[in-house]
Each structure stands twice: as C-alpha cells, then as structure tokens.
Amino acid sequence: MFELEGKVALITGGASGIGLATVKELLLNGLKAISVVDFNESAGQKVVEDVNKEYGANTAIFVKVDVGNAAEFRGAFEATIKKFNNLDIVINNAGILNEIDWEKMIKTNVNGTVNGCLLALEFLQRHRSTNEGVIVNIASISGLETYGHTPIYNATKHAVVGLSRSLGLHGHYDRTAVKILTVCPGCTQTQLLMGSMEGRLTQKQLELGAEVMKGYELQPIKHVAKEIIPIIRSGRSGSVWVVEYEAAYQVEMPHYSERRLAP
C-alpha cells in the first residue's frame, strides 16, 4: 500500500479539469506538497494561491511549462526539488484534443507523456522520500477503443497506454522501484469535451462526433479525481484502470495470440 501522507507530487495540466480536481483530492488525502505544472499561467497561479491559502503557505508552487519541451519540463522537476527537497508522485495529465493541429496534439499528448515518464524515473529514483515512487499517466477510454471522428487523438491515447504498460513491467519496477499506473477516464465534463470543437475538428468529424456522443453521458470531473486516489494507493505497476460512472476497475490486455480469429 502506497501512502499519500507526507508525500510530494507534481501534476501536469493541474490548473483545470481533472488535473485541478486531482490536486484537491491529493491534498484532502494527506499529500504534503504539490507542484502544479501547466501552460496557463494565470489559472495556475490562481490554483496555487488558493491551495496555499487553505493548506499553508508552502504547500504548492506553480511552474509554467510546455510539456512537449523536455528542457523546459526538466525545470519543473528541478524547481520541485529545490522547493520541497523530494518528489514521490508524478501525474502526467496534460493533454489536448485537436485533430486539425495534430502535430501540436502529438507533441503534448505523446511527447509530453514520454518526457514526463523519463524525467520522473530519473528524479523519483534519486529524490523520493520512501522506498517507492509512483507515476500516473492519464490516458482515456479512447486509448482502449476506436472512434472514427478522432483518429489521431485516439492514436495518442493508445500510445500513452502502450508506453505505461511497457514501462510498468516488473523488470523496470525491480530496477527502479517506481510503479507506473494508467488511468483511462470515460467521457468527462472537461473543457476538452464540453468546449467548442470548432477549429479542433473538421466539419465531417464534427458531424460524426455528434452522433457518437449521443451514446455517452458525461461523468463529473470530481468522480475521476476521487477514483485516482485508491489506484495510486493499491494499483500494481503496469496496471490499466477505467473510470467511468462507477468505481474504477482494472482491465487486462490479452496476448495478441488470444485474439486470433477462428478459421
């Protein structure tokens, strides 16, 4: 069991949505301090101001970062260690949905998560306060499913799932003592889905998406954040979890040979 009490965390995309809700849940569950990493400086500074007012002056810092920029992202880790002396949990939550500017989306969703994992493995091995560190990568049910209106977004989330499962294998854990967990939220009340899709999807994708979304109910952001807490505490390295309307549940990926179609 991984305990949150007294630990220090870093979370990307922490200024809004699931990231912000997770900041609050972590602190409610005993986290000592947190670095809020985001590209939105005004929102990030407001989050830190509110956290420090409620939990104490040295509870949170904000670092403005483009997670797709590895050197810039490293600065967030260094700032965290300088301020809090240690780091135990890294949550790679930053992500966007933009099928039109797909290169930016890949840079944020894929490169950003790769950067976050590699930096976390480096820093958590040297600076964690106990004998185990934790990385949580926020993917999506889009990383487990296919949706025709968001093919490149789906590809980025499949990449996050594959990266997390591979780095989470026991060989890596035995070497690093850092467990890597994947969380796949279902459709959630975030700006990613609730904001206007104009300029982010083509007209045809907008039409296809309107039909697809008729079959989904958006879950509250707070529900996702609440379910992340027990996953951090008890999830085994390499595990993949779905959070969709109810308690989180783990999904197992069968070996490809088990999926072979009957002749």
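The structure is a predicted model, in which local features need pLDDT of at least 70 and side-chain atom pairs count only at pLDDT 80 or more, while totals for chains, interfaces and linings use all residues. Residues are numbered from 1 along each chain as its sequence is written, and side-chain values use heavy atoms, leaving out hydrogens and water.

Let us start with helix H1 (residues 17–28) and helix H2 (residues 41–55), whose axes lie 12 Å apart at an angle of about 15°. Helices here are DSSP runs of H or I with at least four residues, numbered from the N terminus. Axes are lines fitted to C-alpha atoms over the stretch in contact, and angles run from 0 to 180 degrees between N-to-C directions. The angle makes H1 roughly parallel to H2, a label for angles under 35 degrees. On the H1 side, the contact (heavy atoms within 4.5 Å) is made by Leu20, Val23, Lys24, Leu27 and Leu28, and on the H2 side by Val47, Val51 and Tyr55. Seven of these residues are nonpolar, none is polar and one is charged. Here Ala, Val, Leu, Ile, Met, Phe, Trp, Tyr, Cys and Pro count as nonpolar, Asp, Glu, Lys and Arg as charged, and the others, Gly among them, as polar.

Now look at helix H4 (residues 102–127) and helix H5 (residues 151–167), which pack at about 10° with axes 9 Å apart. That angle makes H4 roughly parallel to H5. Among the contact residues are Trp102 and Leu121 of H4 and Tyr153 and Leu163 of H5. By class, this contact has 13 nonpolar, three polar and one charged residues.

Where do nonpolar side chains gather? A nonpolar core is a set of buried Ala, Val, Leu, Ile, Met, Phe, Trp, Tyr and Cys residues joined through side-chain atoms within 4.5 Å. The largest has 34 residues, and Ile34 is one of those with the most contacts inside it. Helix H9 (residues 221–234) gives this core its largest share, seven residues. A second, separate core of 26 residues includes Leu121 and Phe123.

Is Gln205 buried or exposed? Its relative accessibility is 12%, so Gln205 counts as buried; buried means under 20% relative accessible area, exposed over 50% and partly exposed in between, with a 1.4 Å probe and protein chains only. Beyond its neighbours within four places in sequence, Gln205 touches Glu99, His149 and Pro151. Met213 also belongs to H8, and at 28% it counts as partly exposed.

Note on methods. Helix = DSSP H or I, 4+ residues; strand = E, 2+ residues; numbered from the N terminus. Parallel < 35°, antiparallel > 145°, perpendicular 65-115°, else oblique.
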